[in-house]
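Subject: Structure handover

Hello,

Please find the structure below, for your files. My notes on the ligand site and on one of the sheets follow.

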Amino acid sequence: MTDLSTLATRVDDAARNATAMTQLSGQGHALSLTDAYRVQQLSIARRLQRGETWAGIKLGFTSRAKMLQMGVDDLIWGQLTREMMVGDGDTISLAPFIHPRIEPEIAFLLGKPLQGKVTLVEAMSAVEAICPALEIIDSRYADFRFSLEDVVADNASSSGFVLGSWHRPDLAIDNLGMVMEFNGRAVQIGSSAAILGNPYRSLVEAARLADEAGLQLEAGTLILAGAATAAEPLQAGVHVRLKTQQLGTVELSVS
Ligand code: OOG
């Protein structure tokens with residue numbers, strides 16, 4: 001039987017050392033999806049033991065663009081810590097990453113707990129604030145290639161995120177134009193509608209998935225809804241800006 005904690009150590013070490021690893025599923029580890037989430041949980045536990053603070057969850061593959069880009073066909077989730085957060089407008093180095101990519105998202109802050117089977121209206125009423133966000137993903141697998149189980153075990157490629165300014169959740173967000181620019185040039189153009197037809201649906205899914213995993217989404221939890229477009233490789237010297245209709249901009253620079 002595969003030792004799941006050994007696999008968790010392997011993905012965690014790959015992330016910490018910014019060193020690519022071979023896919024778990026290609027090494028005779030026939031991981032089930034349940035095992036893969038267990039590996040994710042064990043790798044997050046290692047981060048928390050090192051003093052990181054749990055911040056929330058992210059959804060992955062909530063848009064068709066992302067599913068097509070990565071060749072997978074199911075929604076996944078991963079976990080975020082505060083230490084993954086990069087300040088809006090900050091400059092980062094590529095040193096802690098293997099082959100980072102960046103993608104445009106919408107983030108939610110819960111004002112009330114969200115659990116189990118909830119309706120869209122219940123999900124909406126649990127939200128305290130909304131903001132535009134950039135997510136940095138960095139698969140720990142060589143060539144950014146993985147099976148669904150591999151990517152789940154690798155915490156859905158979570159690596160970093162930047163949050164823009166928070167807004168009250170009193171505006172419609174089901175079809176907001178989103179443009180991600182590199183040095184002022186549009187590299188990805190999309191709409192928040194690409195995220196499950198309405199990013200609030202990501203919250204419905206988040207509540208269900210967290211519940212299945214025995215995790216509580218309490219008030220104060222951050223939730224990233226998933227990318228609206230395909231991801232772009234981050235390069236040295238680039239200034240990334242996401243412009244989202246109604247929600248404004250969020251940006252970061254790479255040294
Ligand atoms: C997995 C993470 C997917 C999204 O927003 O769809 C994701 C990956 O593409 O490496 O974060």
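Two strands are taken to pair if DSSP finds at least two bridges between them. In that sense, H239 has S253 in β13 as its bridge partner. Please keep in mind throughout that this is a predicted model.

The sheet

The sheet that contains β13 is open and has 5 strands, in the order β4-β13-β12-β8-β9, with mixed pairing. Its edge strands, each pairing on one side only, are β4 (91-92) and β9 (185-191).

β12 (residues 239-244) and β13 (residues 248-254) are antiparallel and pair over 6 bridges. Besides the partners H239 and S253, K243 stands opposite T249 in β13. The hairpin of these two strands, β12 and β13, has 3 residues between them, and Q246 there takes a positive phi near 70°.

β4 and β13 run parallel and are joined by 2 bridges. Here T91 stands opposite S253 in β13.

The ligand

Which residues come nearest to the ligand? Of the 17 residues around it, they are K58, F61, K66, S157 and A227. By class, the shell is made up of 9 nonpolar, 3 polar and 5 charged residues.

- K58: an N or O atom of its side chain is 2.7 Å from an oxygen atom of the ligand.
- A227: a polar backbone atom is 2.8 Å from a ligand oxygen.
- E103: a polar side-chain atom lies 2.9 Å from an oxygen atom of the ligand.

On its own the ligand has 320 Å² of accessible area, and the protein covers 100% of that. The space that the ligand takes is the largest cavity.

Which elements give two or more residues to the shell around the ligand? They are β1 (54-60), α3 (64-70), β5 (101-110) and β6 (127-137). Of the elements, β1 gives the most, with 3 residues.

Regards

Technical notes. Residues numbered from 1 in each chain as written. Predicted model: local features only at pLDDT ≥ 70, side-chain atom pairs only at ≥ 80, totals over all residues. Heavy atoms only, no water. Near = heavy atom within 4 Å. Polar contact = N/O pair within 3.5 Å; in protein donor to acceptor, adjacent residues only side chain to side chain. Areas by Shrake-Rupley, 256 points an atom, 1.4 Å probe, with all protein chains shown as cover. 1 Å grid on protein atoms, 1.4 Å probe; cavity = no way out; pocket = protein on both sides within 12 Å on 5 of 7 lines; lining within 4 Å. Sits in = over half its atoms within 2 Å of the grid points. Helix = DSSP H or I, 4+ residues; strand = E, 2+ residues; numbered from the N terminus. Nonpolar A, V, L, I, M, F, W, Y, C, P; charged D, E, K, R; others polar.
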